Amino acid sequence: KSLKAHFSKQFLVGSAINAQQAKRTEQDTDALIITQFNTITPENELKWERIHPKPDAYDFSLSDEYVHYGLANNMFIIGHTLVWHSQTPDWVFENAQGELLTREALLARMKEHIHTVVSRYKGKIKGWDVVNEALNEDGSLRDSKWRQIIGDDFIEKAFTYAHAADPDAKLYYNDYNLYKPEKSAGAAKLIKSLQDKGIPVHGVGLQGHYSLTHPALNELDDALTLFASLGIESMITELDVSVLPFPSEAIQGADISQDLALNKALNPYPDGLPEAQQDALTARYKEIFSVFLTHQDTLTRVTFWGVNDANSWRNNWPMRGRTDYPLLFDRNSEIKPAYRAVMTLT
Ligand code: XIL
């Protein structure tokens with residue numbers, strides 16, 4: 001049995017994969033990806049800084065390998081991401097003199113990038129995270145360079161350009177903390193405004209960087225109900241469940257290797273997850289998946305952010321140098337109790 005087979009009547013199940021995994025250089029994760037998942041997302045390989053590092057230079061070497069891997073294994077291939085404030089070089093917003101671009105010039109640059117990237121993988125990448133993380137926690141629009149220079153309509157422009165480049169591709173809005181009532185209301189408002197203008201938007205991605213305490217199940221449930229009311233697909237796009245305490249902003253930059261007390265508090269399980277915490281993670285995955293399953297009519301995909309605990313970004317976020325256990329496969333790619341628990345659900 002596998003995750004993809006177990007949930008085949010409910011939703012796709014996938015993972016973010018990194019460059020080594022797309023190259024098939026890791027035997028243990030390669031076997032897991034192929035047997036367990038039917039959809040993949042590139043962890044970094046399609047971000048602007050990777051594929052378009054300079055104004056006139058594209059580098060598709062790693063993204064081509066990623067797409068090839070997905071095609072060879074018959075997977076639903078996701079593109080992540082076209083327009084984002086992060087992992088986007090500063091030059092994108094500047095002219096050759098280092099001055100900020102005009103609205104028209106930035107729109108032209110955005111259009112050129114989207115057209116080049118989406119056209120290259122037309123018919124191969126089936127769903128795109130067109131715009132990533134455009135909202136503040138209160139549901140208002142984030143004051144990114146995209147918004148400062150272009151205005152609020154940078155979002156609808158991005159969707160319009162993506163649709164023109166591949167009319168068959170599914171187009172998504174993707175963000176984190178979309179279980180928070182104010183933020184999900186902001187996302188719903190944004191999506192409705194696109195729909196009212198006839199701009200194609202097919203789904204919303206809830207990233208799903210969770211913990212043992214967040215989100216509250218009723219918040220997650222409410223958010224999925226709200227998005228269902230818009231008549232679009234919902235997807236959990238970057239699922240991981242941290243077992244570590246969430247550090248306050250003040251200490252997120254701290255070097256915990258130099259401070260024993262801080263280390264004990266913030267990196268409590270460097271040598272393995274104690275049974276009580278393992279049980280808590282298992283129960284947590286089970287309750288989260290139970291909510292997912294009650295929304296199976298509109299929830300079309302659940303994608304984990306990483307294959308096993310060793311390669312999860314949560315070991316380094318929101319602070320560096322910790323040992324976290326956020327996924328269903330351990331550091332040796334062995335099945336964890338949380339995997340068995342979700343596999344009992346239908
Ligand atoms: C993360 C990757 O996992 C890291 O390797 C990278 O250093 C930073 O980005 N939201 C997103 C993802 O949409 O692209 C981010 O991925 C995690 C947060």
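This is a predicted model: local features need pLDDT of at least 70, side-chain atom pairs count only at pLDDT 80 or more; totals for chains, interfaces and linings use all residues.
Residues are numbered from 1 along each chain as its sequence is written, and side-chain values use heavy atoms, with hydrogens and water left out.

Let's start with the ligand. The space it takes is the largest pocket. A pocket here is found on a 1 Å grid over the protein atoms alone, as an open set of points with protein on both sides within 12 Å along at least five of seven lines. A molecule sits in such a pocket if more than half of its atoms lie within 2 Å of the pocket's grid points. Around the ligand there are 13 residues, and Glu 43, Lys 47, His 80, Glu 238 and Trp 305 come nearest; to be near, a residue needs one of its heavy atoms within 4 Å of the molecule. By type, the shell divides into three nonpolar, six polar and four charged residues. In that count, Ala, Val, Leu, Ile, Met, Phe, Trp, Tyr, Cys and Pro are nonpolar, Asp, Glu, Lys and Arg are charged, and the others, Gly among them, are polar.

Which side chains have polar atoms placed by oxygen atoms of the ligand? Lys 47 has a polar side-chain atom 2.7 Å from a ligand oxygen, and for Glu 238 the corresponding distance is 2.8 Å. In Gln 87, a side-chain N or O atom is 3.2 Å from an oxygen atom of the ligand. The cut-off for a polar contact is a pair of N or O atoms within 3.5 Å; within protein, one must be able to donate a hydrogen and the other to accept it, and residues adjacent in sequence count only if both atoms are side-chain atoms. On its own the ligand has 420 Å² of accessible area, and the protein covers 78% of it. Such areas come from the Shrake-Rupley method with a 1.4 Å probe, and for residues only the protein chains shown count as cover.

Next, the backbone. Most residues other than glycine have a negative phi, and most peptide bonds are trans. His 80, one of the residues that come nearest to the ligand, is joined to Thr 81 by a cis peptide bond, with omega about 0°. Thr 81 is part of strand E3, residues 76-83. Helices (H or I, at least four residues) and strands (E, at least two) are DSSP runs, numbered from the N terminus. Another cis bond, again with omega about 0°, links His 214 and Pro 215. Pro 215 belongs to the loop between strand E7 (209-211) and helix H10 (217-228).

Asn 74 is in the loop between helix H5 (61-72) and E3, and it counts as exposed because its relative accessibility is 72%. Ser 333 is in the loop between strand E9 (299-304) and helix H13 (337-342); its relative accessibility is 10%, so it counts as buried. The cut-offs are under 20% relative accessible area for buried, over 50% for exposed and partly exposed in between, with a 1.4 Å probe and protein chains only.

Now to helix H8, residues 154-165, which holds Thr 160. The side chain of Thr 160 reaches the backbone oxygen of Glu 156 at 2.8 Å, and Glu 156 is found in helix H8 too. Is each of these residues buried or partly exposed? Thr 160 is partly exposed because its relative accessible area is 36%, whereas Glu 156, at 18%, is buried. Glu 156 and Leu 190 are 34 residues apart along the chain, with 9.5 Å between their C-alpha atoms.

Helix H12 (residues 275-294) holds Ser 290. A polar atom of the Ser 290 side chain lies 2.7 Å from the backbone oxygen of Lys 286. Ser 290 has a relative accessible area of 30%, so it is partly exposed. Its C-alpha atom is separated by 9.5 Å from that of Leu 217, 73 residues away along the chain.

Key
On a 1 Å grid over the protein atoms alone, a cavity is a set of points where a 1.4 Å probe fits but cannot get out, and a pocket is an open set with protein on both sides within 12 Å along at least five of seven lines; lining residues have an atom within 4 Å of a point.
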